[in-house]
Amino acid sequence: MQAQLLPAILSNADKQDYIVQQETGSGKTMSIVLSLLTIANKDYKNNSFIIKRPKVSTTSLNSVSQPNYAFSAPAAVLLVPNKELATQIYFWAEKLSKEAFPNIEFNHLFQLIVRDQDSLEFQLDTLKAFGPPSVVVATPNALKDFIFTHKVISFNNRLQYIFVDEVDMALSILSKYAPPKKRLTRIKNPKEMQVIVEHLLSQIYSKSPKIVKFNYKNSKDSNKDDDDLKNKSSQLQKLVDLISSTKNNKKKDYTLKQIEILKKNMDQSQSFMPINIDQFKKTHSLYCFSATVSKDLCNFMKSRGWFPKSIQTIKNRDPSLLVPPVIQHSVIIVDNLKNVRNLRSEIIKPKKLVTKATSNKSTSDNPDSESKKSTHFLLKSTDSGLRLIEKDHDLISEMTPDGQDDSKIPKKPQVNTNALKMNDHEYSALMADIISNLLEMEGKLVTSAIIFLEEGRNYFVLSSALDEMGIKATMLIDSFEDTNKNKFSQNNVLQQKSIEPSGLVNVDSDSTSKVDNINLHQKHTKIYVATENSGRGIDIPNVSHVIILNAPASSTSYLHMSGRTGRFGKPGKAFTVVLNNNNGVSEGRIRGIFKKLEIGNTPIEFIED
Ligand SMILES: Nc1ncnc2c1ncn2[C@@H]1O[C@H](COP(=O)(O)OP(=O)(O)OP(=O)(O)O)[C@@H](O)[C@H]1O
């Protein structure tokens, strides 16, 4: 993929736009970084920085009073949806730049722009001192602040490359079935990524490169010709189409009213107009990346005028190739506090072989024969908590309350829902118990793990529960911020932050577990807790295990979370822990996800040493 993509980006004389959709961990982000480094280096040389600009020391940023800029605006922008990913990319670029271009001041090449209170001054000062860099790596909200609030950066027709990584998350388009009211709100308040990309496009093709007020009503590129009117009516048409499928008359009336409001709004302000650069000679190219780019997303971007010409796509056509084959997937269902089991196998038949599985003895070459063995319990509730059960335990009698054979079990599990109505503390204790057992079971196979916390659950409570099990976990978002802060405060001692159960931040570079009977090698093993948002696109070295707490909302969510392991061909395992507290809905959801992604469940069984 990189062999195809890098030359395509770097010798793109026709200024073609690209959509790149390849599996997680296949090196998409790295391709962007490598391209940007090449672009920045070329830009630097073309603009004779060494002659024009003084070398500025980062320790005396404020003393530079009259900076001498070689140009007025960046040549390339990379936009990503979260600051963790932006920060990671910036550090990758810095590291590679030091190797490849040791004599070039990195601040001339790249600038990181993220919303971070502690480093805001530093980011602003760096821009003031060094002037616009060749490449900006930013989150859209922070870039918006820098353009319109702080007014320290602007863009013009020097901008030739726009990259958007994790484009699907950044735009989060609404489903076709979203209610008209929600659609209307979204049209009025588009995602910041959309606003920024369209602002950049308008600046490239604006005759005046000055910053215009951040107001779409004033956009000079709002083209009022027939084409725009067509676009406007097509947006309305979508809503009209939506109500045509509604049988409920009341709902129909309501939707019609919403459409009327939308129509009026659009007529009054000429806002939300898609960008129209058809009439200009194209001087930029737009590259959108993600492992998951739907047809609807492509259509949305096209409808906004992002791709005035035909789009080049680099993607795997086979949907079963969306998931890296090196990842082994397992689901643990918590039926009630006594029954913790594997996902039952009778429905899921893995279509695809796990080709390069980890060195786990439970992985069979024959997935079908493996699924038949999937009735074992991994964990058992005892007075002292959940424990791994013995291999030769009478599994069948433990499997269900009435000792049924797996095949006879009704599809809708017999659930004692009350047993699973847990507060945050009970939930976290249960999850910590399961996690510690999993980590213990996996033993030395665990080099580093990411736990994805269910939305709405409290990190501090989980962290405290894990701590009691002897597991020190680091919040992913904080670990990235920490590195960031240290970088910006010129502090060379990189400290590992751990968070005490109380919520107080404790800086401790080598914290050992209080309880050392579990996870003995934790000293060398990093356990991170992330949310779906903060973990999107992140690449943490050597993540051997991902543990997802609760069934993800969609196959896309699952694909990206599980994809934090199994990167660039390295093996990995993804465990999903599903609480069966909603009469099988969550279990059904994970089954649906596995079916859609064409992945099989690898049952977990206790392996005695
Ligand atoms: N050419 C390469 N040689 C060696 N390692 C590479 C190469 N390209 C990428 N990698 C490594 O592979 C890992 C995954 O790369 P990257 O994060 O770019 O993948 P991705 O496709 O963007 O993943 P995601 O879709 O999850 O964001 C990283 O650790 C990266 O350093």
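## Buried area

Between them, domain 1 and domain 2 bury about 1,600 Å², with 54% of it on carbon and sulfur atoms; buried area here is the accessible area (1.4 Å probe) that two parts lose on being put together, summed over both. T24, E84 and M169 account for 35% of what domain 1 buries against domain 2, more than any other three residues.

This is a predicted model, in which local features need pLDDT of at least 70 and side-chain atom pairs count only at pLDDT 80 or more, while totals for chains, interfaces and linings use all residues. Residues are numbered from 1 along each chain as its sequence is written, and side-chain values use heavy atoms, leaving out hydrogens and water.

## The two domains

Domain 1 covers 1-49 + 68-214 + 280-315, and domain 2 covers 319-345 + 421-479 + 522-608; these bounds come from an automatic or database domain assignment. Their C-alpha centres are 32 Å apart. In contact (heavy atoms within 4.5 Å) are 18 residues of domain 1 and 19 residues of domain 2.

## Charged pairs and the domain 1 side

Two salt bridges link domain 1 and domain 2, each a side-chain nitrogen of Lys or Arg within 4 Å of a carboxyl oxygen of Asp or Glu. D168 forms a salt bridge with R536, and the closest N and O atoms are 2.9 Å apart.

On the side of domain 1 that touches domain 2, the elements giving two or more residues are α4 (83-100) and α8 (167-171), helices being DSSP runs (H or I, at least four residues) numbered from the N terminus. The largest share, four residues, comes from α4.
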